[in-house]
Amino acid sequence: MQISTTYQLPNTDFEISRMIFGCWAIVGGFNWGDQDERDSLQAIKTAYESGITTFDTAEAYGAGQSENLLAKALKGERKNIIIASKVGPQDFDKEGVIKACERGLKNLQSEYIDLYQLHWPNPAIPLEETLEAMEILKKQGKIRSYGVSNFGTQSLNIAKNAGFSLSSNQMAYNLLFRAIEFEILPHCVAEDVPILCYSPIMQGLLTGKFGNEEEVPDDRARTRHFTKERSQARHQDEGCEELTFETISKIKDLSGDLGIAMGALSLAWLLVQDGVAAVIAGGRNSSQVKRNLETLNVPITEDIVNELSAITLPLKEHLGPNSDLWQSDCRVI
Ligand SMILES: NC(=O)c1ccc[n+]([C@@H]2O[C@H](COP(=O)([O-])OP(=O)(O)OC[C@H]3O[C@@H](n4cnc5c(N)ncnc54)[C@H](OP(=O)(O)O)[C@@H]3O)[C@@H](O)[C@H]2O)c1
């Protein structure tokens, strides 16, 4: 199976790279801890110099700091890159979206954002109003296209029925979290709303760097794989640590047998799934970025894909269709 390197999103006139660099962890702080700015700038530069053209960021990442870092690292390269940024749900009223975009443009030192995404649904504000604001920004040339993130079928249907053309839906999707496969992924395939996968290596768990749940720091053990007793958890689930680490161990064994790094193998599995446009992988330094880029050369076959799917099926079934990584009361609607 061949992994293509670029993808044309619907309702856009540009291509994205299928490996997108995720600019969240590079700000450190919440979820990530200490981070050296020099490593962050170098990670972005390495990504760009190695052929990654597309960068995913958000105003929420370090209150504009992530957008700032991107502008600083790739000064002078604006026309050669694709920037995907996001507006947070607190700004979904018409004026809020427009102001948030203007702040984003300032942070990014750019006249436009290529793909502007609604970060999480906000049922308190009519989606039509929010998307109307996106249309205004598009007409003004401040954004080239718009997409959504963490949107379930109900919100996607509202957008469609109101006549708006989305370019993408950014969702948590990886071998240890296949919840979107129950309903959202088939819906997105049918409606031609390609998926951009976030946390595609499950925040490092799919590189095999953590041997058991105790080794996973509390802020990264907020997901529903871990017990609600973890200090940063915002869910009421019991967790499924044993099954999670059994699954990781099986993937690790397979990657060892194949002689393919576990992270790259996990990303390759995602890139051959129907409906997946790209993976958004984070990296805190150049070396991680380079290792993740090995994905594009992984000799993935149908047999390997099927084996990985079979290994991870019990965990998929255990966690079920709730596509919210962090909360039991699903915010993905
Ligand atoms: N739309 C949304 O709601 C949403 C939510 C989350 C993320 N995102 C986007 O998706 C991007 C990626 O998601 P993510 O950062 O949550 O998770 P991820 O890409 O699955 O994991 C990234 C983390 O894994 C570790 N890592 C990366 N490459 C590695 C390697 N080769 N070997 C060992 N460890 C490695 C690094 O952290 P350590 O070195 O600290 O282990 C890195 O920060 C974000 O940057 C953001 O753009 C969007």
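Helices, with at least four residues, and strands, with at least two, are DSSP runs numbered from the N terminus. The structure under discussion is a predicted model.

Glu183 is 141 residues from Asp324 in sequence, while the C-alpha atoms of the two residues are 13 Å apart in space.

| Side chain | Backbone nitrogen | Distance |
|---|---|---|
| Asp324 | Trp326 | 3.0 Å |
| Asp324 | Gln327 | 3.1 Å |

Strand S3 comprises residues 19-22. In a regular strand, side chains alternate between the two faces of the sheet. From S3, Met19 and Phe21 point one way, whereas Ile20 and Gly22 point the other way; all are buried.

S3 runs parallel to strand S10 (residues 276-282), to which four bridges join it. In this pairing, Met19 stands opposite Val279 of S10. S3 also pairs with strand S4 (residues 54-56), again in the parallel sense, over two bridges. Here Gly22 is the residue opposite Asp56 in S4. Between S3 and S4 the chain passes through helix H1 (residues 37-49), forming a right-handed β-α-β crossover.

**Nonpolar cores**

In soluble globular proteins, nonpolar side chains tend to be buried together. The largest nonpolar core in this model has 99 residues. Which of its members touch the most others? They are Phe21, Ile44, Phe55, Tyr116, Leu118, Leu131 and Met134. Helix H8 (residues 262-271) gives the most to this core, contributing eight residues. Apart from this core lies another, of 11 residues, including Leu9, Phe14, Ile20 and Ile280.

Ile44 illustrates the packing within the largest core. Leaving aside neighbours within four places in sequence, Ile44 is in contact with Phe21, Ile26, Phe55, Leu69, Leu70, Ala73 and Leu74. Phe21 and Ile20, which point opposite ways from S3, also belong to separate cores: Phe21 is a member of the largest core, and Ile20 is a member of the core of 11 residues.

Note on methods: Residues numbered from 1 in each chain as written. Predicted model: local features only at pLDDT ≥ 70, side-chain atom pairs only at ≥ 80, totals over all residues. Heavy atoms only, no water. Core = buried A, V, L, I, M, F, W, Y, C linked by side-chain atoms within 4.5 Å. Buried < 20%, exposed > 50% of the residue type's maximum accessible area, 1.4 Å probe, protein only. Contact = heavy atoms within 4.5 Å. Polar contact = N/O pair within 3.5 Å; in protein donor to acceptor, adjacent residues only side chain to side chain. Pairing = 2+ DSSP bridges. Right-handed = clockwise from strand over helix to strand, strands pointing away.
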